[in-house]
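Visitor: I would like to learn how to read a model like this one. Could you take me through it step by step?

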Amino acid sequence: MTPGKAACDACARLEREKEAARQAGDLSKVTDCAVLLKRHPGHSKRSTLSGRGRA
Ligand SMILES: [Zn+2]
């Protein structure tokens, strides 16, 4: 297991794809993955998304 840089499964997969693309020399795909990672919603702020309030 890697200490969590990735915030979710999708991001973890993108990170791996990005690395693979970089090693393959596919820079446009690297950029693509980077953009997707940046834009990935939902975990920059973990505030209230209809939080289950306790009671
Ligand atoms: Zn994510």
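**Reading a contact list**

Guide: Contact means heavy atoms within 4.5 Å. Setting aside neighbours within four places in sequence, His43 is in contact with Ala7, Cys8 and Cys11. The C-alpha atoms of His43 and Ala7 are separated by 6.7 Å, although these residues are 36 residues apart along the chain.

Visitor: What kind of model am I looking at, and how are its residues numbered?

Guide: This is a predicted model, in which local features need pLDDT of at least 70 and side-chain atom pairs count only at pLDDT 80 or more, while totals for chains, interfaces and linings use all residues. Residues are numbered from 1 along each chain as its sequence is written, and side-chain values use heavy atoms, with hydrogens and water left out.

Visitor: How many helices and strands does the protein chain have?

Guide: Helices (H or I, at least four residues) and strands (E, at least two) are DSSP runs, numbered from the N terminus. Here the protein chain has 2 helices and 0 strands. His43 lies in the segment after α2, which spans 27–39.

Visitor: How do the axes of α1 and α2 cross?

Guide: Axes are lines fitted to C-alpha atoms, for helices over the stretch in contact, and angles run from 0 to 180 degrees between N-to-C directions. The axes of α1 (residues 9–24) and α2 come within 8 Å and cross at roughly 160 degrees. That makes α1 roughly antiparallel to α2; angles under 35 degrees count as roughly parallel, over 145 as roughly antiparallel, 65 to 115 as roughly perpendicular and the rest as oblique.

Visitor: Which residues make the contact?

Guide: On α1 they are Cys11, Leu14, Glu15, Glu17, Lys18, Ala21 and Arg22, and on α2 they are Lys29, Val30, Cys33, Ala34, Leu36 and Leu37. By class, the contact of α1 with α2 has 8 nonpolar, no polar and 5 charged residues. For these classes, Ala, Val, Leu, Ile, Met, Phe, Trp, Tyr, Cys and Pro count as nonpolar, Asp, Glu, Lys and Arg as charged, and the others, Gly among them, as polar.

Visitor: Is Leu37 buried or exposed?

Guide: Buried means under 20% relative accessible area, exposed over 50%, and partly exposed in between (1.4 Å probe, protein chains only). Leu37 has a relative accessible area of 16%, so Leu37 is buried. This residue of helix α2 is in contact with Cys11, Leu14, Glu15 and Lys18, leaving aside its neighbours within four places in sequence. Leu37 and Ala12 are 25 residues apart in sequence and 9.1 Å apart in space, C-alpha to C-alpha.

Visitor: What does Lys29 touch?

Guide: Not counting residues up to four places away in sequence, Lys29 touches Glu17 and Ala21. Lys29 is also found in helix α2, and counts as partly exposed at 36% relative accessibility. The C-alpha atoms of Lys29 and Glu17 are separated by 8.5 Å.

Visitor: Where is Ala20, and how accessible is His43?

Guide: Ala20 has its place in helix α1 and is partly exposed, with a relative accessible area of 45%. His43 is partly exposed, with a relative accessible area of 27%.

Visitor: What share of the protein chain is buried?

Guide: Buried residues make up 13% of the 55 residues in the protein chain.
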